[in-house]
Amino acid sequence: MDPLSEVLSLLKLEGFISGGFSIPARTGFDFKQHSGIKCYAVVEGSCWVSVKGDAQPIFLNAGDCVFLPSGDPFCLATALSCPHQPFLPPDPQTGANLVMNAPQDGAFILGGRFTFSSSYADTLLHSLPSRVHIAEGTGKNIMRSAMECLREELHTSQPGGALIAQQLVHIMLVQALRIFLQQEGEERVGWLFALADPQLKSALICMHADPAFPWTLQELANRVGMSRTVFTKKFKRKVGNTPMKYLARWRMLLAGERLRNSQDSITQISFSVGYDTDSAFGRAFKKEWGCSPREHRKRQP
C-alpha cells in the first residue's frame with residue numbers, strides 16, 4: 001500500500017454526511033466551525049467561498065470542488081456583496097423531492113463532511129491549508145464521474161444509496177489530495193507534499209513498507225541516492241521533521257492502532273515496529289502518546 005493510502009486507512013473514516021442544496025441568486029450561507037474536512041462541489045451555476053481568516057475568497061465555477069480542512073467558519077455565496085444567513089440543511093426526510101438544479105443566477109452544490117479518528121487526524125489535517133481548490137478540468141474524469149454519480153444517487157434515493165454516496169465522496173477526497181500534491185505553488189511543508197518529490201517519496205515508501213527494519217539515516221540516504229546530510233536537510237525542509245523523528249512517529253501511530261484493534265501482545269507489537277524490548281518500546285510509546293501501551297489499550301477508542 002502506498003503512503004497516502006496507508007495514512008488515509010489508518011485515519012479511519014468515522015463519520016460522513018452528504019447532500020445537495022441550492023443557493024439562490026444574491027444569497028450567502030454562513031457555516032459554523034466544523035471538525036474534519038468539509039467538501040463542496042459546484043454542479044451547476046457558480047459561487048464564492050470565503051474562509052474566516054483568509055484574505056481572498058475563491059470563485060467556484062461549475063465542476064469546481066473545494067475542500068476545507070481547517071474547521072474554520074466559512075461562507076458560500078453567489079455574490080460577494082449579498083446578505084448572509086445561517087445555513088439550514090435540507091430535511092433528510094424530504095431530500096428526494098429537492099430540486100437538483102441551480103436556480104437562475106444561483107448554484108447547486110453537492111456537499112459532504114469527513115471526520116477521522118481524533119488520535120491520528122492531525123497527521124493529515126495539519127499538512128493541509130485552510131482550503132484546497134480543485135478547478136474543473138484538473139483530473140476531471142474521476143472527479144466529474146464521481147460528482148455526477150453522487151448527484152444521481154441523491155436524486156433517485158435507491159436502496160444502498162447512502163453507502164454509495166459515502167464511497168463516491170471518499171473517492172473525490174482522495175482524488176483531490178492526489179491533484180493537490182501535484183499542483184505547483186508556494187513551498188509547502190508536510191508529509192503529504194513530500195510525496196510529490198521522487199526521492200522523498202521513495203524514503204517514505206521504505207519506512208512505511210517495513211517499519212520494523214532497523215533504519216538509519218545512512219541506510220535511507222543510500223536507498224534514495226543522496227548523501228546523508230543533503231537527505232536530512234531536504235527531508236526536514238519538506239516534511240517539517242527529521243527522517244528519524246518521522247519514522248518514530250509513524251511507528252507509534254501503527255502501534256497505537258494495533259493496541260486498540262488487535263489482540264496481539266505488547267511484545268508482538270513492539271517487534272512489529274522495530275523495538276527489541278518491551279521497555280524500549282514502552283518509553284518511546286509514552287513519549288509519543290503520554291501513556292503506557294497498556295493504558296492506551298484500555299482506553300475507549
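What share of the 301 residues of the protein chain count as buried? The value is 45%, where buried means under 20% relative accessible area, exposed means over 50%, and partly exposed lies in between, with a 1.4 Å probe and protein chains only.

Before I go on, please keep in mind that this is a predicted model, in which local features need pLDDT of at least 70 and side-chain atom pairs count only at pLDDT 80 or more, while totals for chains, interfaces and linings use all residues. Residues are numbered from 1 along each chain as its sequence is written, and side-chain values use heavy atoms, with hydrogens and water left out.

The protein chain has twelve helices and ten strands; these are DSSP runs numbered from the N terminus, helices being H or I with at least four residues and strands being E with at least two. If we take contacts in the protein chain with a separation of 6 or more, 74% of them are between residues 24 or more positions apart, a contact meaning heavy atoms within 4.5 Å. The accessible surface comes to about 15,200 Å², and carbon and sulfur atoms hold 51% of it; areas come from the Shrake-Rupley method with a 1.4 Å probe, and for residues only the protein chains shown count as cover.

Now to the charged pairs. The structure holds five salt bridges, each being a side-chain nitrogen of Lys or Arg within 4 Å of a carboxyl oxygen of Asp or Glu, and I will go through some of them.

One of them joins Arg 131 and Asp 54, at 3.5 Å from N to O. This pair links distant parts of the chain, 77 residues apart, with Arg 131 in the loop between helix 2 (121-125) and strand 10 (132-134) and Asp 54 in the loop between strand 4 (47-51) and strand 5 (58-60). Asp 54 is partly exposed, at 27% relative accessibility.

Another is formed by Asp 197 and Lys 234, at 2.8 Å from N to O. Asp 197 sits in the loop between helix 5 (191-194) and helix 6 (198-209), and Lys 234 in helix 8 (residues 228-239), so the pair ties together parts that are 37 residues apart in sequence. Asp 197 counts as buried at 16% relative accessibility, and Lys 234 is buried with a relative accessible area of 18%.

Finally, Glu 219 and Arg 223 form a salt bridge whose closest N and O atoms are 2.8 Å apart. Both belong to helix 7 (residues 217-224), and because they are four residues apart there, about one helical turn separates them. Glu 219 is partly exposed at 24% relative accessibility, and Arg 223 is partly exposed at 45%.
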